[in-house]
Amino acid sequence: MTPDQIRLLGELADWQLLGIVDAPEYWCKHIRDSHECASARDEQWWNARLGRKTYPWGIAITTAGDYLDERKAADPAHAVTLTWRQITRWVEGLDDELRGDARRARSGTPEERAEVIDRLLGRVPAEPVELTLW
């Protein structure tokens with residue numbers, strides 16, 4: 001996957017991403033059938049007035065205006081796309097330990113969910129800043 005496609009996965013709600021990793025066949029269908037659309041959370045996409053849209057073929061960061069789900073994956077209005085098949089292949093490529101961690105994190109604390117999602121998306125945790133009182 002490209003870095004932008006990984007960013008697109010990060011646009012999903014935590015429960016959606018963890019669900020896809022745990023049971024991709026079920027959750028891809030569930031998300032697809034929701035016909036969801038939302039404002040982008042990524043600052044660059046937000047500033048460009050792009051949003052996340054769910055299509056029968058996958059998900060995309062795209063411009064507004066496709067109210068009938070008519071845009072295809074190659075439509076120039078999309079900044080980035082992911083098909084359900086690409087998402088499923090990505091999940092299949094994850095190691096069993098990480099998939100197990102995602103399954104357990106679904107019922108874990110917000111901190112546990114965030115840690116697993118950061119690992120799934122390849123985010124490097126920030127170095128802790130040592131504070132000193134003088």
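Q: What follows α7, and what is its phi like?
A: Gly-122 follows α7, and its phi is positive, near 70°. Helices here are DSSP runs of H or I with at least four residues, strands are E runs of at least two, and both are numbered from the N terminus.
Q: What should I know about the model and numbering?
A: This is a predicted model, where local features need pLDDT of at least 70, side-chain atom pairs count only at pLDDT 80 or more, and totals for chains, interfaces and linings use all residues. Residues are numbered from 1 along each chain as its sequence is written, and side-chain values use heavy atoms, without hydrogens or water.
Q: Which residues of α7 are buried?
A: In α7 (residues 110–120), Val-116, Ile-117 and Leu-120 are buried. Buried means under 20% relative accessible area, with a 1.4 Å probe and protein chains only.
Q: Why are they on the same side of α7?
A: Because they cover an arc of only 100° around the axis. The arc is taken from the directions from the helix axis to the C-beta atoms.
Q: New topic: where is Lys-53?
A: Lys-53 is in strand β2, residues 51–54.
Q: Is Lys-53 buried or exposed?
A: Lys-53 counts as buried because its relative accessibility is 10%.
Q: Which side chain does Lys-53 join in a polar contact?
A: That of Asp-69, at 2.5 Å. A polar contact is a pair of N or O atoms within 3.5 Å; within protein, one must be able to donate a hydrogen and the other to accept it, and residues adjacent in sequence count only if both atoms are side-chain atoms.

Conventions
Buried < 20%, exposed > 50% of the residue type's maximum accessible area, 1.4 Å probe, protein only.
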